[in-house]
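Please look over the sequence and the model before reading on.

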Amino acid sequence: MTSELERPPLQADERTALIGWLDLQRQILRWKCEGLSDEDAHRSVIPTSPAMTMAGLISHMRWTEHTWLEVLFLGGDKKQNPSFDESREDADWHTDGRPLTELLAEYEAQCTRSNEIVAAASLDDIGRHPDFRSSSANLRWMLIHLVEETGRHAGHADIVRELLDGAKGYY
């Protein structure tokens, strides 16, 4: 695995730095999926975490972006998001065998939507969903959380990919 990923500028305003680091972690997740067959993308390599597949990671991160920016920040409807499905544990990780290309396209579209939401708001704006304590955070806090969450799962993707086919690489 080789990559041409770049870090955000060393001298950047707060918004550029936050989105730059988030976009980099998103790119790393997508990069870790390059060249994988659908079979490998859905193959579980961690016996104690069967849903942690490359496909599952991408699905989870798509819905994580949706949770924080469309539901908690904008106050949108949670019903379409499997993260809120209490009838199935870790429902947002389950892909039901959907092709990796489809999951990646949905993740890409969600990231684009997330960036549009961020571009239209102040970092000091507060989330709007009335039913969740986390929505009382400002957009800055939510973005920092998304950088942390995406980076953490990019690390999981490093491990899963290495266990799948031995491919390694960061940058």
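With which side chain does the side chain of Thr95 make a polar contact? The partner is the side chain of His42, at 3.3 Å; a polar contact is a pair of N or O atoms within 3.5 Å, where within protein one must be able to donate a hydrogen and the other to accept it, and residues adjacent in sequence count only if both atoms are side-chain atoms.

This is a predicted model, in which local features need pLDDT of at least 70 and side-chain atom pairs count only at pLDDT 80 or more, while totals for chains, interfaces and linings use all residues. Residues are numbered from 1 along each chain as its sequence is written, and side-chain values use heavy atoms, with hydrogens and water left out.

**The loop between α3 and α4**

- Thr95 is placed in the loop between α3 and α4; helices are DSSP runs (H or I, at least four residues) numbered from the N terminus.
- With a relative accessibility of 8%, Thr95 counts as buried; buried means under 20% relative accessible area, exposed over 50%, and partly exposed in between, with a 1.4 Å probe and protein chains only.
- Not counting residues up to four places away in sequence, Thr95 touches His42, Ala55, Gly56, Ser59 and Leu103; contact means heavy atoms within 4.5 Å.
- Asp90 is located in the loop between α3 and α4 and has a positive phi of about 55 degrees although it is not a glycine. Its relative accessible area of 41% makes Asp90 partly exposed.
- Asp96 is also found in the loop between α3 and α4, and it has a positive phi of about 55 degrees without being a glycine. At 63% relative accessibility, Asp96 counts as exposed.

**Helix α1**

- Helix α1 covers residues 14–32, and its 19 residues should span 27 Å at 1.5 Å a residue; the end C-alpha atoms are 27 Å apart, which agrees. The expected span is 1.5 Å times one less than the number of residues.
- The buried residues of α1 include Leu18, Ile19, Leu22, Ile28 and Trp31. The buried residues of this helix pack against α3 (54–73), α4 (100–119) and α5 (139–165).
- Leu24, in helix α1, is buried with a relative accessible area of 1%. Leu24 and Leu5 are 19 residues apart in sequence and 7.1 Å apart in space, C-alpha to C-alpha.
- Ala12 belongs to the segment before α1 and is partly exposed, with a relative accessible area of 35%.

**Nonpolar cores**

- The largest nonpolar core has 26 residues, of which Leu29, Met54, Leu57, Ile58, Leu100 and Val160 touch the most other members. At least two residues of this core come from each of α1, α3, α4 and α5.
- A nonpolar core is a set of buried Ala, Val, Leu, Ile, Met, Phe, Trp, Tyr and Cys residues joined through side-chain atoms within 4.5 Å.
- Leaving aside neighbours within four places in sequence, Leu57 is in contact with Met52, Trp93, His153, His156, Ala157 and Val160.
- A second, separate core of 16 residues includes Leu72, Val118, Ala121 and Leu123.

**Aromatic rings**

- The whole structure holds 2 aromatic pairs. Rings of Phe, Tyr and Trp (its six-membered ring) pair if their centres lie within 6.5 Å; planes under 30 degrees apart count as stacked, over 60 as edge-to-face and the rest as tilted.
- The ring centres of Trp68 and Trp141 are 5.6 Å apart and their planes are at 45 degrees, so the pair is tilted. Trp68 lies in helix α3 and Trp141 in helix α5, so the pair ties together parts that are 73 residues apart in sequence.
- Trp68 is buried, at 11% relative accessible area, whereas Trp141 is partly exposed, at 45%.
- Phe84 and Phe132 have ring centres 5.4 Å apart and planes at 45 degrees, so this pair is tilted. Phe84 is in the loop between α3 and α4 and Phe132 in the loop between α4 and α5, 48 residues apart.

**Charges over rings**

- Arg62 lies over the face of Trp63, 3.8 Å from the ring centre. A charge sits over a ring if NZ of Lys or CZ of Arg is within 6 Å of the ring centre and within 35 degrees of the ring normal.
- The charged end of Arg128 sits over the ring of Phe73, 5.8 Å from its centre.
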